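Let's take a walk through this fold together. Keep the model open beside you as you read.

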Amino acid sequence: MGEITLETRKAIFNRRSCREYTEEKISREVLEEILHAAFSAPTAVNAQPWEFVVIDDESILAKLRSKLPFANYKAPAAIVVCGNSNIGLKGQDKDLWICDCSAAMENMLICATDMGLGSLWCGIFPIGSRMQQVRDILKMPKNVNPLGMMYVGHPVNPVIGRSRYNEKVVYWQQYDPDRKHRKKDKPVVGHYS
């Protein structure tokens, strides 16, 4: 298995989206270590509504890249995080799978960073057409909802995090509706950082 250094804050602060990977393969042991991090995430009432599809077959990765232009990055492996509505909560709590699966995704991203790997979260949910394309390629039933896909691999260039702390969006004790915010730069479609 990969070596976990337990430098949590360093891994969190250094996590950054990686879009260029070497061709070096990722071992099953390393992928399983990353999955262990996912399973350590919290879930509402311990429902654990998640399922994971690990892909390291280049032909399947190529299909995903061809159908998902926003995810057209050549990484040696990907993990699709899904919520299964048959095992998730029901009623008014049915959408808590989104929170649960997001926590699992973040744990995987941090774990990959801690292991010296690059990673990228490509959002799939809630765009219905994206979800269906992933379901079709990966042969998922309708009750399985792909939340996002994490690419993982060895980065071409060192991935160094940056602080985006913004005190203007932090409130203490209560919200201030009169606070003015600076405008952010518009995101560049196809390349979010």
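What covers the buried residues of α5? Before we get there, two words on the ground rules. This is a predicted model, in which local features need pLDDT of at least 70 and side-chain atom pairs count only at pLDDT 80 or more, while totals for chains, interfaces and linings use all residues. Residues are numbered from 1 along each chain as its sequence is written, and side-chain values use heavy atoms, with hydrogens and water left out.

Back to that question. The cover over the buried residues of α5 includes β1, α3, β2 and β4. Contact here means heavy atoms within 4.5 Å, and helices (H or I, at least four residues) and strands (E, at least two) are DSSP runs, numbered from the N terminus. The residues of α5 that are buried are Met131, Val134, Arg135, Ile137 and Leu138. Buried means under 20% relative accessible area, with exposed over 50% and partly exposed in between, using a 1.4 Å probe and protein chains only. Just past the end of α5, Lys139 has a positive phi of about 60 degrees.

Strand β4 (residues 144–153) is joined to β2 (residues 77–84) by eight bridges. In that pairing, Asn84 partners Val144, and Cys82 partners Pro146. With β3, β4 pairs over six bridges, again antiparallel, and Ser119 sits opposite Val152 of β4. β4 is mostly covered, too: ten of its ten residues are buried.

What does α3 bring to α5? Helix α3 (residues 58–67) packs against α5 at an angle of about 160 degrees, with the axes 10 Å apart. That makes α3 roughly antiparallel to α5: angles under 35 degrees count as roughly parallel, over 145 as roughly antiparallel, 65 to 115 as roughly perpendicular and the rest as oblique. On the α3 side, Ile60, Lys63, Leu64 and Lys67 meet Gln133, Val134, Ile137 and Leu138 of α5. By class, that contact has five nonpolar, one polar and two charged residues. (Ala, Val, Leu, Ile, Met, Phe, Trp, Tyr, Cys and Pro count as nonpolar, Asp, Glu, Lys and Arg as charged, and the others, Gly among them, as polar.)

Is Arg65 buried or exposed? Arg65 counts as buried because its relative accessibility is 9%. Leaving aside residues up to four places away in sequence, Arg65 touches Glu58, Ala71, Asn72, Tyr73, Lys74, Ala75 and Tyr151.

One more helix pair to find: α2 (residues 28–39) and α4 (residues 97–114) pack at about 140 degrees, with their axes 7 Å apart. That makes α2 oblique to α4. Glu33, Ile34, Leu35, Ala37 and Ala38 of α2 meet Ala104, Asn107, Met108, Cys111 and Ala112 of α4, a contact with eight nonpolar, one polar and one charged residues.

Methods. Axes are lines fitted to C-alpha atoms, for helices over the stretch in contact, and angles run from 0 to 180 degrees between N-to-C directions. Two strands pair if DSSP finds at least two bridges between them.
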